[in-house]
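Please keep the sequence and the model open beside you while you work through them.

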Amino acid sequence: MSRAAAPQNPEPDGPRPVSKFEFNLLRILRFVFGQLPADQGLQLVRAGIARPACLSKAAVELVQDTLAKGCILTLVREGGWRNDPFLRQNAPARGRIWQRIPLDERVLEFSSHLMEFLLWVTAEKVNDTKQVWNPPINELTPADEYFLWRFFDACRMDPEIVTALRNVDAFRQNPFCWLASPGEIVANEEFTVPDFQPLLSGLRVAMLECLQPHLASRWLRSERTKGQIGDWKRMRLQGRAEFTMLQSFLAVVEKANRTDLARFILKTNAAILNAEQTPEFWTGGLQGSGPPRLADRLDTQRAALAIPRQMVVLERWQERAQYVSFFDDDYPASQLWKQEWEEAGGDRVAARARQVVEMLEPLRTPPGSGATATAEGHPADEVRM
C-alpha cells in the first residue's frame, strides 16, 4: 500500500551491523508485527536501554523497511486480500484493496513522531518512566495511528504497559484503538470518544475497509469472553465504553452513507445470535449480587449487551433502504446494504437481539396496561434500553 523508490546507490545484500540499542528497536518492531514471541517483545518494552545520540544509516533504513512492509502485510492479511464490495462514489466496487483504490490514496507516510516513539519505547521502561512521549495528535499521520494501534494491541496482555499507554493522547484518542478494544482504552468512566469522521476519507478509510474481517473477529472473541467477567465495575466500564463508541461510530457512517463500514457490527451480531441467547451469555460470570441499587445492576447488565443493542440502528437502516427508489442517488448503496442484511439473516438477528435485550427489563410495562412501574424511585422509562 505504499510506493517505494529504488535506492540510488544500492548496497550489497547481506547482514548490516547495528548496535545493541538498534537491535532491540528492530526486535520491538518485529514483535508488533507478530514476528517475535510476545514474552520477548514485552520484556524489551519493559526493560529499556541507554539511548544513543543518533541511529546509524543502516538502522534507519531497516526501520523504514520493516515499518512499510509490516504495515502492508498486516493490512493485506487482515482483509485487504478479500474481494468484498465497498462503496466508492456511492456505488459498490469489488476487488482487492489494490484493485479497488488508486495507489495515490493508499500510500503510507510515517512522521518523525513515530521514529521518536520507537526511540522512546526502546530506551525507556514504558511501564515505569517519567519521560513521556506525547506528541500533538493532529500531527500524526494515518500510518502513525495504525502502527500505534498495532503496538497497543501487541501489549494488551501486560496491564502495566496498557495503563501507561492509555495515559498518552496518541493512544487514548486513537480511533483504531477505540474500534478494536474500547473497553481496554478507557481507565475510568470519565472518557471522551474520538472523532470518527476522519476515518471516512483518504488512507484511513482504505485501512478501515481492510480491517472489517479483523474487527468482526475481535468483537466476536470479546463478546464470547464477556461471560467470564466477574467484576461488576469492570463490566459496567467496558460496556459503557463499547456502547458509546458504537453509537458515535454508527452516527458518523450513517451521516456519510457509508453503512458498508459497519459490516463488522452486523456480522458480529449474526455470529453471536445464530441461536437463541439469554443475557447470561454476557453476564453469567458476574460475581455476587452486585451494586446495592437495582437501577445500577440493570444498567451494568444492559451495558454488557452493547453490541446487540446496536441492531435497532441497523434495522432502521434496513427499513429506510426498503423505500429508496431506483432513481434516487442512494439506490446503489441501499441495494448493497439490503444484500448484506439478507446474507446475515438481519431480520432474524434483529428479532433475537430485541428479545435478549427485553429479558433484562423485569419492570417493563406491558403495552396498554397504563401502569407506571418504578425501581427505587426511578420511573420505568429510566430502566429501559
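**Exercise 1.** Which helices do the buried residues of H2 pack against?

*Solution.* Keep in mind that this is a predicted model.

Step 1: find the buried residues. In helix H2, which spans residues 38-47, these are Gly-41, Leu-42, Leu-44 and Val-45.

Step 2: see how they are arranged. Their arc around the axis is only 155°, so they sit on the same side of H2.

Step 3: look for the partners. The buried residues of H2 pack against helix H1 (20-32), helix H5 (112-123), helix H6 (142-154) and helix H7 (159-165).

Step 4: turn to the other face. Asp-39 and Gln-43 are exposed on the face of H2 turned away from its buried side. After H2 comes Gly-48, with a positive phi near 80°.

**Exercise 2.** Take Arg-150 and decide: is this residue buried or exposed?

*Solution.* Arg-150 is part of helix H6.

Step 1: apply the cut-off. Buried means under 20% relative accessible area. The relative accessible area of Arg-150 is 11%, so Arg-150 is buried.

Step 2: list its neighbours. Leaving out residues up to four places away in sequence, Arg-150 touches Val-32, Thr-74 and Glu-78.

**Exercise 3.** Describe how H17 and H18 cross, and work out which class of angle applies.

*Solution.* Step 1: read the geometry. Helix H17 (residues 311-321) and helix H18 (residues 331-343) have axes that come within 9 Å and cross at roughly 125°.

Step 1: classify the angle. Angles of 65 to 115 degrees count as roughly perpendicular and those over 145 as roughly antiparallel. H17 is therefore oblique to H18.

Step 2: The crossing of H17 with H18 is left-handed.

Step 3: name the contact residues. H17 contributes Met-311, Leu-314, Glu-315, Trp-317, Gln-318 and Ala-321, while H18 contributes Ser-334, Trp-337, Lys-338 and Trp-341. Sorted by class, this contact of H17 with H18 holds six nonpolar, two polar and two charged residues.

Step 4: check burial. The buried residues of H17 include Val-313 as well as Met-311 and Leu-314. Helix H13 (232-255), helix H14 (263-272), H18 and helix H19 (346-358) are among the elements that cover the buried residues of H17.

**Exercise 4.** How many helices and strands does the protein chain have?

*Solution.* Step 1: count the elements. The protein chain has 19 helices and four strands.

Step 1: consider burial. Of its 385 residues, 50% are buried.

Key: Residues are numbered from 1 along each chain as its sequence is written. This is a predicted model: local features need pLDDT of at least 70, side-chain atom pairs count only at pLDDT 80 or more; totals for chains, interfaces and linings use all residues. Side-chain values use heavy atoms; hydrogens and water are left out. Axes are lines fitted to C-alpha atoms, for helices over the stretch in contact, and angles run from 0 to 180 degrees between N-to-C directions. Helices (H or I, at least four residues) and strands (E, at least two) are DSSP runs, numbered from the N terminus. Angles under 35 degrees count as roughly parallel, over 145 as roughly antiparallel, 65 to 115 as roughly perpendicular and the rest as oblique. A crossing is left-handed if the near helix is turned anticlockwise from the far one by less than a right angle, and right-handed if clockwise. Contact means heavy atoms within 4.5 Å. Ala, Val, Leu, Ile, Met, Phe, Trp, Tyr, Cys and Pro count as nonpolar, Asp, Glu, Lys and Arg as charged, and the others, Gly among them, as polar. Buried means under 20% relative accessible area, exposed over 50%, partly exposed in between (1.4 Å probe, protein chains only). The arc is that of the directions from the helix axis to the C-beta atoms.
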